[in-house]
Amino acid sequence: GGMIIEGESEWREPPITVECRVRLEDARGFNILIASDTKSSNAHWEIFSMNGSGQLTAYLPGANPNHVRSEKVITDNQWHQVAMQYASDQVTLWVDEEKVAEQTIALKPNRHIVPGGLAFGRLVKGSIGLRGAIDEVRIRKGIHPPFEAKESKVLGKWDFEDLSKLQVKA
C-alpha cells in the first residue's frame, strides 16, 4: 500500500538530501522507496530499485540525464541505509555509507512543475509499490553527509515503526 502525504515545495527543489532505511525482498518488479510529485511534473524525483536487477536508481524527469543508475543491489532482504544527494548540477546515491553512483545533471529550463504529494513505498500516482519495508525517512535542505546523526535543516522526518512520532517540518 505505502503512504502518501501532502507535498511541500521545499521537498521538490534541490539542493536536498533524502535518506531512509529499507529492506527489499526481491528484484521482481520495481520497488519505489520515496517519490515526490507525479511523473507529469518536472520536479518529480523518485528513488527505486530497478526491475530484474534490484540496483538502486533515481529518476528525475526534469533533469538531463533523467536517470542516475548504480550497480549496487539492494534487494537482498537485508536492511540498508539509502540516500540521495540532489543538487541542481549533480545527484549522488549512497548505500550503507558507500557512494554507489554520482552523475552530473542539468535541470531543464522552464521546468513544468505540477505540485503533488510525497509517497513512501509507492508512487504518488500509480500502482507501483514496494515489497519489503521502509523506515526512518528524513529529508534535509542542502547537501549533507548521508546518515549523520546531526539533525540540521530537517524539512521532514518519518519513523514508520511508531506513526505517533510522525514529524513534518521538524
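1. Let's start with a term: two strands pair if DSSP finds at least two bridges between them. Strands themselves are DSSP runs of E of at least two residues, helices are runs of H or I of at least four residues, and both are numbered from the N terminus. This is a predicted model, in which local features need pLDDT of at least 70 and side-chain atom pairs count only at pLDDT 80 or more, while totals for chains, interfaces and linings use all residues. Residues are numbered from 1 along each chain as its sequence is written, and side-chain values use heavy atoms, with hydrogens and water left out.

2. Strand β9 covers residues 90–95 and strand β10 residues 98–104, and they pair in the antiparallel sense over six bridges. Within this pairing, T92 has E102 in β10 as its bridge partner.

3. D96 is partly exposed, with a relative accessible area of 37% (buried means under 20% relative accessible area, exposed over 50%, partly exposed in between, with a 1.4 Å probe and protein chains only). The C-alpha atoms of D96 and G142 are separated by 20 Å, and these residues are 46 apart along the chain.

4. Now the chain overall: it contains one helix and 15 strands. Its radius of gyration is 14 Å, close to the 15 Å that the globule rule gives for 170 residues, so the chain is as compact as a globular protein of that length. That radius is taken over C-alpha atoms, and the rule is 2.2 Å times the number of residues to the power 0.38. The C-alpha trace spans about 40 × 35 × 30 Å along its principal axes, and 49% of the 170 residues count as buried.

5. Next, the open sheet: six strands lie in the order β1-β12-β3-β4-β5-β7, with antiparallel pairing. Which strands stand at the edges? They are β1 (3–6) and β7 (67–73), each with a single partner strand, so one side of each is left without a neighbour in the sheet. The partner strand β5 (residues 55–59) pairs with β7 in the antiparallel sense over four bridges, and Y59 stands opposite H67 in β7.

6. The largest nonpolar core has 34 residues, and L33 and W45 have the most contacts inside it. Its largest share, five residues, comes from strand β2 (residues 16–24). Apart from this core lies another, of five residues, including I32, F48, Y59 and L123. (Such a core is a set of buried Ala, Val, Leu, Ile, Met, Phe, Trp, Tyr and Cys residues joined through side-chain atoms within 4.5 Å.)

7. Finally, the rings: the whole structure holds four aromatic pairs (rings of Phe, Tyr and Trp, the last by its six-membered ring, pair if their centres lie within 6.5 Å; planes under 30 degrees apart count as stacked, over 60 as edge-to-face and the rest as tilted). F30 and F48 form an edge-to-face pair, 5.8 Å centre to centre with 65° between the planes. F30 is partly exposed at 32% relative accessible area, whereas F48 is buried at 3%. W11, F120, W158 and F160 form one aromatic cluster.
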